[in-house]
Amino acid sequence: MIGRLFEETPRISLVLLALLLAGLLAAPWWANDYLLTVLIIILYFAYGGQAWNVMMGFAGQLSLGHAIYVGLGAYTTAALYVHFGIGPWLGLPVAVAIATVCGAIIGFLAFRFGVGGVYFAILTIAFAEFARIGFDHFTWVGGSSGFFLPVANYSRNDLWNLRGNPTMFYYLMLALTVAAFVLCHLLLRSRVGYYWQAIREDETAARSLGIDTFRYKMIAVMISAGMTSIAGVFFAFYYNNLFPEQVFHISRSIELILGPIIGGIGTLFGPIIGAFLLTGLSETMQQILSALGLDVPGAKQVFYGICLLLVVMLLPDGVWPWLARRLGLARQRR
Amino acid sequence: MAAGIYLNVAVSGLLTGLVYGLMALGLSVIFGVVRVVNFAHGEMMTIAMYLAIVLFSSLGLDPLVMIIPIAGVLFAFGYALQAGLINPFISRPEHSQFILLVAVALIIVNVLLMLFGPDARNVQTSYSFDSFLIGPLIVDATKVYVGAATCIVTAALFAFFRLTLTGKAIRACADNYTGALVVGLDVKRLYALTFGLGAACVGAAGSMLVLLFDVTPALGPSLTLLAFIIVITGGLGSMPGALLGGVLIGLTEALAGLFFTPSAKSMFSFGLLVLVLLFRPQGILGKRAS
């Protein structure tokens, strides 16, 4: 299995990958607290972006409501922890199961009735918004006034209960991101992965070749939903507070998918590069604007929006395919 | 008496729904012709609402009088947006268009935030608290004026699409892109015109909506969502569908606010949307895409 990861990959990209990984592994030694927090956010988006990419990038199903899976993951583990004292590692399978079932329901309803394209995208928004308002009135988990986890004791790390300092969360997120990368790599090169790509390129043609498109689209949604819910578990235990207005809001879904789109949809590195670029850009802009004394509310987002516009206009396939060509890493795929 | 309350609420919801319908009509016209989902729709609406507020507070101009000038400004905005930014994206995949318009929306929301701050603003006209007594019904005067204005604007738009040559040309583009090119229509310009018209609907609806509720820069995204719900319920690309959807959502929200808590009212709209998508994905009055 691991051997398959390395074959057909140019040596230079393996070297670059190893360097990047080494740099990230050593981050707690070279980064200060602020930078480490930024890196945690970057990895969170890199992970979430990869999860979303499975559905959109590989199988071509545009979801604009991934916040629902983040939220379900977050609320499930948080509720199990607070109400029943069940730790996050035991809650995690439950969260993944719930999110996967939710993804299956959305997928089943949509694909059964032939809902696709823009309609499917808006259906996913509708479900996420439905969940947001539903959780606003779900008093068992605090409703709109929020749901809080007991605040962490920073003096020692308790990995079992995910209570600890940022370094622990950093390594946790790094492990998740690497695991997601390996999983995506294996998926993309598997039979299912090729079926997905066939569906993405031309669903009718895929079906006429005998691919059970309904089944494989369902698998994509369920894997993507399950993976995304793990990001939610992290979210709950890292931030310790959950508000439906924040967790399920459509801007959470949009944040999650900007990375892969900017980085390069359907590519393995795209979501990771995109997360680094966007979060890096946003933080740098914050620094520059406050250094210039221009940190009026909104200024940062305006520049962010302009950068988004420029990237999407100039690099329609995303940054990674362009970068890969520049670095001579591009394989003659497609 | 109890029945009177329901009737009052229903009529009020219906009139608000007409304005929603006009907003959604803009989205529907744009999608029906240009085939781009305008994810910055609600944000464009907030531009119109702030314009109305500025004109009212600085020059004392009534938003109802300013419907046409504001629609004109938004028309220019929409025309420029389509001609400058969106036209090159026509043949790009949906997610690419999505990011483009999300970026536009982000810029609009935050420029408004920088200009006006996060506080809610509204307009108090001399007739704000007037009402008409029609039998057992007590109807807000503002809502009556607004409902009537909506009907006029909509009728004008329908007439434009049915009766003028340009309207016919736009419908030709919507029916058959290649065919329109073959007969020598300047499709890019007609697209810009259509986006401008959609934006003008938003402008008109925005200057009316300012009379009905407060505006903050953050209102944009929720208005975009509202427009989506309405348009999908009624049928994306169908003009009468958008109006019908608006009225349905307006009614649903008003009645849900009465029967349950007002904060849960949009859950019912989303519920309605999910039901429509599942059983009639093309919308109530939509035609099924081939």
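## Chain A overall, and a helix pair in chain B

Chain A comes to 16 helices and two strands in its secondary structure. Its radius of gyration is 20 Å, close to the 20 Å that the globule rule gives for 334 residues, so chain A is as compact as a globular protein of that length. Keep in mind that this is a predicted model.

| Property of chain A | Value |
|---|---|
| Span of the C-alpha trace along the principal axes | about 55 × 45 × 40 Å |
| Buried share of the 334 residues | 45% |
| Share joining residues at least 24 apart, among contacts between residues at least 6 apart in sequence | 75% |

Now over to chain B and one of its helix pairs. Helix H2 of chain B covers residues 41-59 and helix H4 of chain B covers residues 94-116; the two pack with their axes 9 Å apart, at an angle of about 25°. That angle makes H2(B) roughly parallel to H4(B), since angles under 35 degrees count that way. As for handedness, H2(B) passes H4(B) in a left-handed crossing.

Which residues do the meeting? From H2(B) come Glu43(B), Met44(B), Thr46(B), Ile47(B) and Tyr50(B), and from H4(B) come Ala105(B), Ile108(B), Val109(B), Leu112(B) and Phe116(B). Sorted by class, this contact of H2(B) with H4(B) has eight nonpolar residues, one polar and one charged.

Note on methods:
Residues are numbered from 1 along each chain as its sequence is written. Chains are lettered from A and ligands numbered from 1 in the order in which they are written. This is a predicted model: local features need pLDDT of at least 70, side-chain atom pairs count only at pLDDT 80 or more; totals for chains, interfaces and linings use all residues. Axes are lines fitted to C-alpha atoms, for helices over the stretch in contact, and angles run from 0 to 180 degrees between N-to-C directions. Helices (H or I, at least four residues) and strands (E, at least two) are DSSP runs, numbered from the N terminus. Angles under 35 degrees count as roughly parallel, over 145 as roughly antiparallel, 65 to 115 as roughly perpendicular and the rest as oblique. A crossing is left-handed if the near helix is turned anticlockwise from the far one by less than a right angle, and right-handed if clockwise. Two residues are in contact if their C-beta atoms, placed from the backbone, lie within 7 Å. Ala, Val, Leu, Ile, Met, Phe, Trp, Tyr, Cys and Pro count as nonpolar, Asp, Glu, Lys and Arg as charged, and the others, Gly among them, as polar. The radius of gyration is taken over C-alpha atoms; the globule rule is 2.2 Å times the number of residues to the power 0.38. A residue is buried if 20 or more other C-beta atoms lie within 10 Å of its own, exposed if 12 or fewer, and partly exposed in between; C-beta atoms are placed from the backbone.
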